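Please read it alongside the sequence and the coordinates.

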Amino acid sequence: GTSGYGVTDGDSSGTSAYVYCVGGRNRGQTVGVVERLCLETLTWSRAPRLNAPRGSHGVAAAGNVVFAVGGGGVRSNLHDAEALRVEGTPGDDLGSSWEPRGFVSEARHAVAACATGDWAIYLIGGWGDGDSCTGAADALILDDAFSFSDDFGRNFGDSKADPRSLKGGRGWVPSDADLKSRWRSLPPLSTPRKLHAAAGLRDGRLFAFGGRTSDDPNVGPTDSAETFRVPSTSDDGSRGVGSSSSPGSSWKPVSPLPAGGACACACVDDADRRADAVYVLTWGASSGGSAKAVPTTRSKANRIDKRARKAGEAARLAALARGATEDVAVAEGNAARAAARVAEEKKETGVARSGAEVGGLWRYDADDDTYAFLADLPLPEWYGFTAAAHEGWVYAIGGSTKGRWTGAAFRFPVGGGGKGDTGDGEWEELPGMEMVRRRTAAAVVRVRR
């Protein structure tokens, strides 16, 4: 449940839902424009503007509150977060504005944000004011029924963002309002990255997928992915939200993106009947286009992934048998899985995968650590778009296609997310946003009728 955030976690009955598309870049300009798509009528309307225009930022929602965090501002990277509480029924005047919601220690853009249900918001990774990616990860706990456990304090100390030691942002100084909401620092990503995807599950598991690790034009995007479990306790002493797993002190590798390195976005369906499905959308040309070496059918993709997983698991077990630590064994297993995937792709297609960034929609099963290919992207060479999910649909919005900015919006049926749901279907084109933009960010906001 939530405290003061309007909608009970996971409960979509008696609510109206909107996809809020917040800020972004409009032909070189950083904008504060906010538009929302009503998921009942599939129509767009304007919402209150951000206080600070921002692009390449993070957006996540908890119930009827949407948060915008970090990103690149008009003059420099941003430290601060702001939030909009959405009230009223469809058609009512919003009657609200964005308010300060604290700050993170490191100003950065090309970040990813996510939520764990309705009890915490996170900002993960990005590109700082310097010349390298950052692995910084920050958390804002929202529900008074949840607090960081003693484990968190013992492992990471007093990790609240300190206004005396801010990094980047051209000397930004937090106001009294900013000081009221204090973000905490989590352990950094194992692989610092930018333009990546992030997702959170209600049990406290966080994930980061793909992205770039360098600005070097000779270094392509990474296919690596990793996970971390937030060490949180509820008021009844249980771990996370119904979680039986122990928290970690560092990020751990999971299966890499199956189609190779790519920048990406990700989302979780807040009404999904399963608790472990993450939808990952990679930016790029669809597999049926320029990247012909990547399997274009779901059966091929899943067959290749199954064989590669088997090879990776065999390598992991062999490493453990010779006395390697679990971390070393996992790393060797992931390397073997990646090598096996390349070999299997060559066997299936006759050529090894090129370095092209392959766009597509995948369902990642967090419990099984597997990916299932669902669909190619609906637009050619589609980059910089954002995504959100709600009640069996994944929405993809904005970005640029063949180098041209777009306000296009599409949705794809993913069903309930279950293992038996194939995701068969087609992308449905929706009305587009009024303002074309890329590097925007979106989240689903639920409001009681």
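**Notes on the predicted model**

1. Ser76 is located in the loop that runs between strand 5 (65-69) and strand 6 (80-85). Leaving aside residues up to four places away in sequence, Ser76 touches Gly169 and Arg170.

2. The count of aromatic pairs comes to 12. One of them joins Phe207 and Tyr364 in an edge-to-face arrangement, with 5.6 Å centre to centre and 65° between the planes. Phe207 belongs to strand 14 (residues 205-209) and Tyr364 to strand 21 (residues 358-365), so this pair ties together parts that are 157 residues apart in sequence. Phe207 and Tyr364 are both buried.

3. Tyr364 also forms an aromatic pair with Tyr371; this pair is tilted, at 4.9 Å centre to centre and with 50° between the planes. Tyr364 has a relative accessible area of 0% and is buried. Tyr371 likewise counts as buried, at 4% relative accessibility. Through ring pairs, Phe207, Phe209, Tyr364 and Tyr371 are linked into a cluster.

4. How many disulfides does the model contain? The count comes to zero. A disulfide is a covalent bond between the sulfur atoms of two cysteines, and the cut-off applied here is a sulfur pair within 2.5 Å. For Cys263, the closest cysteine sulfur is that of Cys133, at 9.6 Å, which is too far for a bond. Cys267 is in no disulfide either, the nearest cysteine sulfur being that of Cys265, 7.0 Å away.

5. Are Cys263 and Cys267 buried or exposed? Cys263 counts as buried because its relative accessibility is 3%. Cys267, at 5% relative accessibility, is also buried. The threshold behind both assignments is a relative accessible area under 20%.

Methods: Residues are numbered from 1 along each chain as its sequence is written. This is a predicted model: local features need pLDDT of at least 70, side-chain atom pairs count only at pLDDT 80 or more; totals for chains, interfaces and linings use all residues. Side-chain values use heavy atoms; hydrogens and water are left out. Buried means under 20% relative accessible area, exposed over 50%, partly exposed in between (1.4 Å probe, protein chains only). Helices (H or I, at least four residues) and strands (E, at least two) are DSSP runs, numbered from the N terminus. Contact means heavy atoms within 4.5 Å. Rings of Phe, Tyr and Trp (its six-membered ring) pair if their centres lie within 6.5 Å; planes under 30 degrees apart count as stacked, over 60 as edge-to-face and the rest as tilted.
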